[in-house]
Amino acid sequence: MISEASNVHSGDYSCKGRMKNAQHNSTQWSASIKLTVSDNAPAAVLTVSPLWLSPGDSVTLSCEVEHPSAGWRFYWYKTVPKPSHNSYSEELLPGSTNGTEQDSYIINGPTHTARYMCRAGRGDPVYYTLYSEPQFVWSGDVGSAVTLTVSPDRVQHFMYDSVSLSCEGNSTEWRVRMFPEDRSSYCFYLRSMTESTCNIYGSQQIDAVYWCEFASGEFSNAVNITKQNADIILVSPVHPVTEGDSVSLGCKLKRGQLLSKVFFYQNEKLIQNDTRRELNISAVSKSDEGFYKCKYSGKESAQSWMSVKASRPESSSFPLPLMVGLVCGIVLIVLIVLLLLLCRYRRSKDSHSIRPIQPESSNLNETQRNEYSSPLHGDAVLYESVKDSKDTENDAEESKDIIYSLIELKNIGKTSRRHETVESSVYADVKIGSAADDSVMYARVNCQNKGNAKTHKGKPTVAGTDETVYSEVKPGTAVM
């Protein structure tokens with residue numbers, strides 16, 4: 001057993017065995033193994049895919065150990081910027097506290113620029129490899145809370161042009177970073193939010209990715225900026241274009257104006273060849289994404305990528321409390337209508353029966369003392385008239401203590417030859433006498449049937465007949 005390995009223990013090792021009591025007999029030598037002991041821990045190598053994010057993309061991290069061997073577990077980290085110290089801190093990604101057996105890790109749906117690292121470990125206590133070199137995943141989406149803007153707003157710029165970069169966000173300090181890194185850049189140094197812009201002058205940094213890092217630990221969107229030592233450049237948007245929006249691409253000369261035909265290409269395919277100096281797309285779709293370049297008078301620009309992002313769904317213009325109130329109001333109205341219909345149905349159902357009118361005590365309510373007349377049901381119309389003895393002064397003298405009701409039932413029937421009206425009337429008089437009338441209550445019911453003579457099996461029927469029924473009721477103490 002080697003208690004403390006060092007580089008002097010590097011070499012090929014083999015073994016053989018023998019029985020405990022057999023001094024001369026032994027096995028053959030085993031196959032040899034090579035042991036390499038390094039003074040430094042092995043390194044981890046991280047790769048990421050994709051480098052540039054589109055909305056909804058998943059990122060795959062892959063980690064390898066130099067001189068691969070068995071038993072390694074892998075640890076995955078997301079780094080957080082610390083601009084004031086020009087450094088980063090590492091945070092373990094979910095599920096990798098104890099390491100993963102798999103040498104890959106998938107991050108679903110990141111939407112912002114991020115920086116990742118990995119390392120491996122094995123044994124107890126754990127022996128770790130070195131951290132991998134950091135790898136960035138860039139997002140051009142400006143929908144985050146912190147943003148980087150570029151002026152002029154285009155990807156390609158002429159050499160020695162001045163380009164202004166601005167970082168915006170809720171933080172006290174910020175720094176512009178780029179890849180590949182150039183620490184001599186004027187924008188590299190830490191700035192406060194009162195210094196809203198920095199400028200790239202002269203020939204500083206060609207073909208670099210730029211982004212902002214904030215003291216709050218956030219990354220902004222990333223932009224790709226190139227400086228061209230050429231006579232012509234393509235004018236294309238530096239940020240992704242939203243589906244459905246319009247966009248214009250152009251060609252710009254270092255000196256002079258465009259006077260003749262300009263050729264525009266998408267993915268090396270000619271898409272416009274006329275005197276128009278711009279390529280206008282009224283409603284951008286995902287198929288418009290790709291590499292573009294232009295040609296003019298034998299001069300050709302470099303290619304630039306135009307990214308297209310999906311449009312965000314529009315939020316409702318109605319606030320949630322208002323929508324809830326509208327729904328509750330509609331439900332309340334429906335319930336009120338249902339209750340009214342139910343009451344009407346019950347009244348209609350009660351109108352099918354004729355209730356006898358009985359004398360009441362002298363304390364009649366206001367409804368019973370008023371005269372009213374109302375139709376109650378369909379073709380068979382029922383009229384009821386009640387007249388209070390106190391309606392007029394004369395009536396009070398002539399018909400005191402009298403309550404009467406007129407009920408008239410009309411039915412409309414049809415004959416075989418023409419439409420005729422058949423009336424059936426029922427009259428009911430209920431009269432309550434005074435004390436002098438010996439408390440006699442009587443009622444007369446007069447039934448009238450009017451109709452034409454009909455022939456039934458050759459014999460005429462009797463036309464209309466009137467029938468009168470008298471009923472006398474004498475109320476007492478036991479009989480109502």
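**Exercise 1. Is Gln-228 buried or exposed, and what is around it?**

Step 1: start with the accessibility. Gln-228 has a relative accessible area of 18%, so it is buried. Buried is under 20% relative accessible area, exposed is over 50%, and partly exposed is in between (1.4 Å probe, protein chains only).

A quick word on the model: this one is predicted, and local features need pLDDT of at least 70, side-chain atom pairs count only at pLDDT 80 or more, while totals for chains, interfaces and linings use all residues. Residues are numbered from 1 along each chain as its sequence is written, and side-chain values use heavy atoms, with hydrogens and water left out.

Step 2: Gln-228 sits in strand E19 (residues 223-228). Strands (E, at least two residues) and helices (H or I, at least four) are DSSP runs, numbered from the N terminus.

Step 3: look for a polar partner. The side chain of Gln-228 makes a polar contact of 3.1 Å with the side chain of Thr-226. A polar contact is a pair of N or O atoms within 3.5 Å; within protein, one must be able to donate a hydrogen and the other to accept it, and residues adjacent in sequence count only if both atoms are side-chain atoms.

Step 4: list the neighbours. Once residues within four places in sequence are set aside, Gln-228 is in contact with Gln-156, His-157, Phe-158, Met-159, Asp-207, Ile-233 and Ala-302. Contact means heavy atoms within 4.5 Å.

**Exercise 2. Where is Thr-100 found, and which residues does it touch?**

Step 1: find the spot. Thr-100 belongs to the loop between strand E7 (87-92) and strand E8 (104-107).

Step 2: check the burial. Thr-100 counts as buried because its relative accessibility is 11%.

Step 3: collect the contacts. Not counting residues up to four places away in sequence, Thr-100 touches Arg-73, Phe-74, Trp-76 and Gly-95. With Trp-76 there is also a polar contact, side chain to side chain, at 3.1 Å.

Step 4: compare sequence with space. Thr-100 and Tyr-75 are 25 residues apart in sequence, and their C-alpha atoms are 6.7 Å apart.

**Exercise 3. Which strands pair with E9?**

Step 1: take E9 itself. Eight of the nine residues in strand E9 (residues 114-122) are buried.

Step 2: go through the partners. Two strands pair if DSSP finds at least two bridges between them.

- Strand E6 (residues 73-82) pairs antiparallel with E9 over six bridges, and Phe-74 stands opposite Ala-120 in E9.
- Strand E11 (residues 135-139) runs antiparallel to E9, with three bridges; Ala-114 faces Val-137 in E11.
- Strand E10 (residues 127-128) is joined to E9 by two bridges, again antiparallel, with Gly-121 opposite Tyr-128 in E10.

Step 3: inspect the turn. E9 and E10 form a hairpin with four residues between them, and Gly-123 in the turn has a positive phi of about 90 degrees.

**Exercise 4. In what order do the strands of the three-stranded open sheet lie?**

Step 1: write down the order. The open sheet runs E12-E14-E17, with antiparallel pairing. Its edge strands, E12 (147-151) and E17 (197-200), each pair on one side only.

Step 2: go through the pairs. Five bridges join E12 to E14, and Thr-149 stands opposite Ser-166 in E14. Strand E14 (residues 163-168) and E17 share four bridges; here Ser-164 stands opposite Asn-199 and Val-163 opposite Ile-200.

**Exercise 5. How many disulfides are there, and what does each one tie together?**

Step 1: count them. The structure holds three disulfides, a disulfide being a pair of cysteine sulfur atoms within 2.5 Å.

Step 2: take Cys-63 and Cys-118, with S to S at 2.1 Å. Cys-63 lies in strand E5 (residues 59-65) and Cys-118 in strand E9, so the pair ties together parts 55 residues apart in sequence. The S-S torsion is about 80 degrees, so this disulfide is right-handed.

Step 3: move to Cys-167 and Cys-212, whose sulfur atoms are 1.8 Å apart. Cys-167 is in strand E14 and Cys-212 in strand E18 (residues 208-214), so parts 45 residues apart in sequence are tied together. This link is left-handed, at -80 degrees about the S-S bond.

Step 4: finish with Cys-251 and Cys-294, S to S 1.8 Å. Cys-251 lies in strand E22 (residues 247-253) and Cys-294 in strand E26 (residues 290-296), so the pair ties together parts 43 residues apart in sequence. Cys-294 is buried because its relative accessibility is 0%.
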